[in-house]
Amino acid sequence: MPPFDLASDLARLRELNQFRSRRTLGSAQGRKVVVEGRELLNFCSNDYLGLAAHPVLIKALQNAANAYGVGSGAAHLVCGHSQEHHALEEELAAWLGRPRALLFSTGYMANLGAITALLGRGDAVFEDRLNHASLLDGGISSKADFQRYKHFDLAELDTRLQASAATRKLVVTDSVFSMDGDLAPLPELCATAARHEAWVMVDDAHAIGVLGKTGAGSAEHFGFEGGLGADQPQIIMGTLGKALGSFGAFVTGSEDLIDYLINHARSYIYTTAMPPAVAAATRVAVRLAQSEGWRRDKLQSLIGRLRRGLLEQGFTVPPSDTPIQPVILGESAAALALSQALRERGFWVGAIRPPTVPQGTARLRITLSAAHEEGDVDALLQALDDIRQAS
Ligand SMILES: *Cc1c(COP(=O)(O)O)cnc(C)c1O
């Protein structure tokens, strides 16, 4: 076999129903999207608050582009750090109730950069098995001893921390899990880590804008604001491309943490800053997310409506109070078939398959947005019922 036998790898993926391809959008992100010429009701975006195409954000981006142009021109440490970036960092830190925040160009880079900066040989990282790929990749790339514990299993985490002789120990977890929508028991997890002088890093990608009274995420939900006590996560990262409807990411923590990352996080140092106009538009998104609590209230009512309907129809719907609602189907082929049948009826719901989720847990991942109407949820439930009756 030739060394680069890509074709047989691709054939294998097709055979396993794991081959991935893109669908091309011809519209803005929103409740309805145009996909390859057809309008579909959209139940697969992470635009939880419905801000991605909000007219006020669009206007802010346009105005800032007039002032700052398009590209940032350089990395933050060279000459690309604009006053819009700086103001956004200060506003994010204040929102989460933490001393400081640092912008990264993407969440993937924030996770990779923070973990590899903090850990090296002789250290250890402890990750929930279902953590996002960027957290796992950060841990693997760090050269620290890489350990995974069963989802939410704090007893196993405690045992592993106890047995480790590593210098620095870092526990890393999603707060809201991206494929399940469930919420990590962060206070207990932090207490477990604290017993072993381990630090905790929390990924709030799906919590920012969604959890907490003003949408400040897991810190606000669990009352972590106002300090960096031993029983609180030392590091919280969040992304700007999901509920905030924009692009980019940030890490929050102590003054020293942020200065340390500015000096050591390679995915911060060696990359171009996000466009300043994007930072300016994101500042407006933060203000809307804070002030328009009705978006979170509406989400909660849509979540309840969808879950009641799914459970009535006998679907396997694990507990989740968040806009991520997985419908577990088992085999990849079953998830693909249901996703396809929904698309034929005008609904876009993603089929999530291994290796993104564990073998045997292929699923539909339904995501809700404050942009949805109750009638949209009812229509989706009706379509699922119709498909079941027809099969
Ligand atoms: C989306 C996501 C990321 C990556 O963020 P990007 O800004 O899209 O790179 C990181 N962690 C989690 C849990 C995510 O869902």
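Reader: By class, what residues make up the lining of the largest cavity?
Author: That lining has 1 nonpolar, 6 polar and 2 charged residues. Here Ala, Val, Leu, Ile, Met, Phe, Trp, Tyr, Cys and Pro count as nonpolar, Asp, Glu, Lys and Arg as charged, and the others, Gly among them, as polar. This is a predicted model, where local features need pLDDT of at least 70, side-chain atom pairs count only at pLDDT 80 or more, and totals for chains, interfaces and linings use all residues. Residues are numbered from 1 along each chain as its sequence is written, and side-chain values use heavy atoms, with hydrogens and water left out.

Reader: Thanks! Which residues line the largest cavity?
Author: G30, R31, N42, S45, D47, T367, L368, S369 and H372.

Reader: Switching to the ligand, how many residues surround it?
Author: The ligand is surrounded by 14 residues (each with a heavy atom within 4 Å). The closest are G107, Y108, D203, H206 and K242.

Reader: And by class, what is in that shell?
Author: The shell around the ligand has 2 nonpolar, 9 polar and 3 charged residues.

Reader: Nice. How far is the side chain of K242 from an oxygen atom of the ligand?
Author: An N or O atom in the K242 side chain is 2.6 Å from a ligand oxygen.

Reader: What about the backbone of G107 and of Y108?
Author: A backbone N or O atom of G107 lies 2.7 Å from an oxygen atom of the ligand. For Y108, a backbone N or O atom is 2.9 Å from a ligand oxygen.

Methods. On a 1 Å grid over the protein atoms alone, a cavity is a set of points where a 1.4 Å probe fits but cannot get out, and a pocket is an open set with protein on both sides within 12 Å along at least five of seven lines; lining residues have an atom within 4 Å of a point. A polar contact is a pair of N or O atoms within 3.5 Å; within protein, one must be able to donate a hydrogen and the other to accept it, and residues adjacent in sequence count only if both atoms are side-chain atoms.
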